Amino acid sequence: MAQQYESLDALSQACLSCTACDLSKQRTHVVPGEGNEKAQVMFIGEGPGYNEDQQGRPFVGQAGKLLDELIASIGMKRSDVFIANVVKCRPPGNRDPMPAEIAACSDWLNEQIRLINPKVIVTLGRYSMAKFMPGDSISKVHGSPRKIGERVVLPVHHPAAALYQQSLKQTLQADFKKIPQLLKEAAKIEEAKPEPKQLGLF
Ligand code: URA
């Protein structure tokens, strides 16, 4: 079984010295992810770009600016949510991450999800969508939430795509608008869970 950590800090600390794949050889900084340890919403992007690699923080470039705007548009702040990536080190020249790199990095992401235990996971772009909905196409499933295990997963386009294709910005805005409602529904399901007493266990 993959290693379990006591906290996100402990995980991030360990992640900083990861050499599980060749991306570790060219990185300036590992970008484990950042945000609220108790976040109800977790965003998962693809991988660090140039700025993220320089700073060791996720989504700090142009795509990050748009992500901040989108988060603000639903009345939330970066400090309310957690932001991570499928791969924690920058693929050289911003190429797509390769399957072996995604596989080598998946224990980190799975453990982050376990520790944070978010109600809603918003996947940004096709690589993080593919983790939960392999074989689906982002252009078809974006904005359609799916219950996966205990959580709701909402696939949306990657904010960087909206920087190149202006019409995608409106699509992203519309898809983000669904997040508050998904959280409300998740809270209702939580409230409706019967107490152990009601099950006659005590
Ligand atoms: N794009 C991503 O997928 N992740 C980042 O952290 C930055 C840009």
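This briefing describes selected features of one protein model, grouped by topic.

The model is a predicted one, in which local features need pLDDT of at least 70 and side-chain atom pairs count only at pLDDT 80 or more, while totals for chains, interfaces and linings use all residues. Residues are numbered from 1 along each chain as its sequence is written, and side-chain values use heavy atoms, with hydrogens and water left out. Helices (H or I, at least four residues) and strands (E, at least two) are DSSP runs, numbered from the N terminus.

**Aromatic pairs**

- The structure holds two aromatic pairs, where rings of Phe, Tyr and Trp (its six-membered ring) pair if their centres lie within 6.5 Å, and planes under 30 degrees apart count as stacked, over 60 as edge-to-face and the rest as tilted.
- In the pair formed by Phe43 and Phe176, the ring centres are 5.6 Å apart and the planes stand at 10°, so this pair is stacked.
- This pair links distant parts of the chain, since Phe43 belongs to strand β2 (residues 41–45) and Phe176 to helix α9 (residues 167–176), 133 residues apart.
- Both Phe43 and Phe176 are buried, a term that stands for under 20% relative accessible area, with exposed meaning over 50% and partly exposed the range in between (1.4 Å probe, protein chains only).

**Arg78 and Phe59**

- Arg78 is placed in the loop between α4 (62–73) and β3 (82–85), and a polar atom of the Arg78 side chain lies 3.3 Å from the backbone oxygen of Pro58.
- The backbone oxygen of Phe59 lies 2.3 Å from a polar atom of the Arg78 side chain; a polar contact is a pair of N or O atoms within 3.5 Å, where within protein one must be able to donate a hydrogen and the other to accept it, and residues adjacent in sequence count only if both atoms are side-chain atoms.
- Leaving aside residues up to four places away in sequence, Arg78 touches Glu34, Arg57, Pro58, Phe59, Val60, Gly64, Asp68, Ile71 and Ile83, with contact meaning heavy atoms within 4.5 Å.
- Phe59 itself sits in the loop between α3 and α4 and is buried, with a relative accessible area of 5%.
- The phi of Phe59 is near 50°, a positive value in a residue other than glycine.

**Two other loop residues**

- Asn117, in the loop between α5 and β4 (120–124), has a positive phi of about 55° although it is not a glycine.
- Most residues other than glycine have a negative phi.
- Ala20, in the loop between α1 (8–15) and α2, is exposed, with a relative accessible area of 51%.
- Ala20 and Ala104 are 84 residues apart in sequence, yet their C-alpha atoms are 5.9 Å apart in space.

**The cavity**

- On a 1 Å grid over the protein atoms alone, a cavity is a set of points where a 1.4 Å probe fits but cannot get out, a pocket is an open set with protein on both sides within 12 Å along at least five of seven lines, and lining residues have an atom within 4 Å of a point.
- The count comes to one cavity of 30 Å³ or more, and about 100 Å³ of space lies in the largest cavity, a volume being the space filled by probe spheres set on the points, which are joined across faces, edges and corners.
- The largest cavity is lined by 16 residues, of which Cys18, Cys21, Arg27, Cys89 and Cys105 lie nearest its centre.
- The elements giving two or more residues to this lining are α2 (23–26) and α5 (99–116), and α5 supplies the largest share, four residues.

- Two or more lining residues of the largest pocket come from each of α3 (50–55), α4, α6 (126–132) and α8 (159–164), with the largest share, four residues, coming from α8.
- The second largest pocket has a volume of about 360 Å³, and of its 16 lining residues, Lys119, Glu150, Arg151, Ala186 and Glu190 are the closest to its centre.
- β6 (151–156) and α10 (178–192) each supply at least two residues of the second pocket's lining, and α10 gives the most, with five residues.
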